Amino acid sequence: MKKLKKFLSLTITLLVILSSFSLMSSAALAKVSNLTAYNIDDDEINLKWGTVKGADGYQVYIYNQSTKKWTKLSNTKKTSFEADDLLSAKEYKFRVRAYNKTVSGTVFSEYSTITVATEPDEVENVKVIAKTKNSVTLKWSPVKRATGY
């Protein structure tokens with residue numbers, strides 16, 4: 001009988017410890033902070049953000065303006081991501097969230113969102129078509145999605 005009581009006592013203690021561990025590990029994650037874009041050019045945007053304590057990794061999404069849906073680009077353990085093969089002179093919306101895999105499932109933080117545009121393509125085929133003493137008239141090939149020159 002003493003062995004049974006000791007076994008039950010150890011079993012209950014172990015269950016209490018495991019349940020408290022599970023509760024602690026499924027605590028909410030902080031929202032990704034300092035989401036910024038850098039090294040932007042005509043076909044790529046680089047993103048970076050601050051580390052979230054307790055995160056196993058991060059998910060990066062891009063918004064598709066045609067379908068009005070978010071598409072996951074990556075699960076990453078890094079605090080940066082390079083989005084490439086983008087169109088020039090176009091606005092893009094990205095969102096990032098942290099995640100933590102626990103025994104009871106995956107816990108996610110809230111999303112952080114940023115909107116940023118790629119640079120326009122370079123102007124090509126620039127030609128002087130007329131010049132005077134005080135002015136020069138130029139002609140060039142139009143740049144896709146350019147809103148001005």
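Helices (H or I, at least four residues) and strands (E, at least two residues) are taken here as DSSP runs and are numbered from the N terminus. With elements assigned in this way, Ala55 lies in the loop between β2 and β3. The structure is a predicted model, in which local features need pLDDT of at least 70, side-chain atom pairs count only at pLDDT 80 or more, and totals for chains, interfaces and linings use all residues. Residues are numbered from 1 along each chain as its sequence is written, and side-chain values use heavy atoms, with hydrogens and water left out.

The protein chain contains one helix and ten strands, and from the N terminus on these elements follow the order α-β-β-β-β-β-β-β-β-β-β. Of the 149 residues in the protein chain, 26% are buried, where buried means under 20% relative accessible area, exposed means over 50%, and partly exposed covers the range in between (1.4 Å probe, protein chains only). The accessible surface of the protein chain amounts to about 10800 Å², and 55% of this belongs to carbon and sulfur atoms; accessible areas come from the Shrake-Rupley method with a 1.4 Å probe, and for residues only the protein chains shown count as cover. Contacts (heavy atoms within 4.5 Å) were also examined by their separation along the chain: among those between residues at least 6 apart in sequence, 55% join residues at least 24 apart.

Such contacts can be followed at individual residues. Phe94, in strand β6, is buried, with a relative accessible area of 0%. When residues up to four places away in sequence are not counted, Phe94 touches Ile45, Leu47, Tyr61, Ile62, Trp70, Leu73, Ala83, Ser112, Thr113, Ile114 and Val116. Leu35, in the loop between α1 (2-25) and β1 (36-38), is also buried, with a relative accessible area of 15%. The C-alpha atoms of Leu35 and Phe94 are 9.7 Å apart in space, although the two residues are 59 residues apart in sequence. With residues up to four places away in sequence again left aside, the contacts of Leu35 are Leu47, Lys48, Trp49, Val96, Ser112, Thr113 and Ile114. Ala55, by comparison, counts as partly exposed at 23% relative accessibility. Its C-alpha atom lies 7.1 Å from that of Leu29, which is 26 residues away in sequence, and Ala55 touches Leu29, Ala98 and Tyr99, not counting residues up to four places away in sequence.

The structure holds five aromatic pairs, which are defined by rings of Phe, Tyr and Trp (its six-membered ring) whose centres lie within 6.5 Å, with planes under 30 degrees apart counted as stacked, over 60 as edge-to-face and the rest as tilted. One of these pairs is formed by Tyr61 and Tyr111, which are arranged edge-to-face at 5.7 Å centre to centre, with 85° between the planes. This pair links distant parts of the chain, as Tyr61 is in strand β3 (residues 57-64) and Tyr111 is in the loop between β7 (105-108) and β8 (112-117), 50 residues apart. Tyr61 is buried, with a relative accessible area of 9%, whereas Tyr111 is partly exposed, with a relative accessible area of 25%.

The ring of Tyr111 also lies under the charged end of Arg95, which sits over this ring at 3.7 Å from its centre. A charge is taken to sit over a ring if NZ of Lys or CZ of Arg is within 6 Å of the ring centre and within 35 degrees of the ring normal. A further arrangement of this kind involves Lys90, whose charged end sits over the ring of Tyr92, 5.6 Å from its centre.

On the surface, a nonpolar patch is formed by Val123, Val126, Val128, Val136, Leu138, Trp140 and Tyr149, which together have about 660 Å² of accessible area. Patches are made of residues with over 30% relative accessible area and no salt bridge, like charges being joined within 9 Å and nonpolar side chains (Val, Leu, Ile, Met, Phe, Trp, Tyr) within 5 Å; a salt bridge is a side-chain nitrogen of Lys or Arg within 4 Å of a carboxyl oxygen of Asp or Glu. Strands β9 (124-131) and β10 (136-141) each supply at least two residues of the nonpolar patch, and the largest share, three residues, comes from β10. Val126, in strand β9, counts as partly exposed at 49% relative accessibility.

Two loop residues have a positive phi without being glycine. Asn39, in the loop between β1 and β2 (45-48), has a phi of about 45° and is exposed, with a relative accessible area of 55%. Asp85, in the loop between β5 (80-83) and β6 (91-102), has a phi of about 60° and is exposed, with a relative accessible area of 71%.
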